[in-house]
Amino acid sequence: MSEETEKTEETQGEEIKSEAVSEEKDAETVQVTEDEDGAEEGATDKEPTADEKIAALEKENAELKEQLLRRAADFDNYRKRMIKEKQDAYDYANANLLGDLLESLDNFDRTIEAAKDAKNAKSIADGIKMINKALVKMLEEKYNLSSFGKEKEAFNPDLHEALRSENGKVAEPEIKEVYLKGYKLKERVIRHAKVSVIMPE
């Protein structure tokens, strides 16, 4: 073997050794990095202490109490508001009707004032009739109030209250006289008509 060949082989051997040492250092570096990462992960996954758990629970409990108190206060305010609205609705339920009746009351006042110096009773009677007509029209059109009960109508105990009765030549009970008209609010009877009745003989 020549001297140059021996030198080449020695050079190659040193390069192989150098590469092996370099690989070992890289492996150590990787191991150290993995160990450091593992240590960081271990620190992240650390279980909270008992004091920390208690503090967290106490904080959550305080928040829930605050929410409960706030909702209780909201409900109490809502309840008070509903009670007041209900009372107001009851107290002022007839405000619109009474407001509409004021015009008729004013007309009655004017009629009474005019009657002091009136020499013709018919003019006073005509004025009262006009007030009555306007009042009935307003109640019928605006408030669905209607009257019923006329002479010679068939007697209906659901609508009429018989104050007197007598026998007569009729096939069915019939109204002879109306003492007081009955009234309905829409379909509900709010006052029965007071009548006398002729009953079949």
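Me: Is S196 buried or exposed, and how does one decide?
Reply: Buried means under 20% relative accessible area, exposed over 50%, and partly exposed in between (1.4 Å probe, protein chains only). S196 counts as buried because its relative accessibility is 6%. This is a predicted model, in which local features need pLDDT of at least 70, side-chain atom pairs count only at pLDDT 80 or more, and totals for chains, interfaces and linings use all residues. Residues are numbered from 1 along each chain as its sequence is written, and side-chain values use heavy atoms, with hydrogens and water left out.

Me: With which residues is S196 in contact, leaving aside its neighbours within four places in sequence?
Reply: Contact means heavy atoms within 4.5 Å. On that basis S196 is in contact with R164, E174, I175, K176, E177 and Y179.

Me: In which strand is the place of S196?
Reply: Strands (E, at least two residues) are DSSP runs, numbered from the N terminus, as are helices (H or I, at least four). S196 lies in strand β6, residues 193–200.

Me: In what order do the strands of the open sheet stand?
Reply: Two strands pair if DSSP finds at least two bridges between them. Here three strands form an open sheet in the order β2-β6-β3, with mixed pairing. Its edge strands, β2 (160–168) and β3 (174–180), each pair on one side only. β3 and β6 pair in the antiparallel sense over five bridges, and S196 in β6 is the bridge partner of E177.
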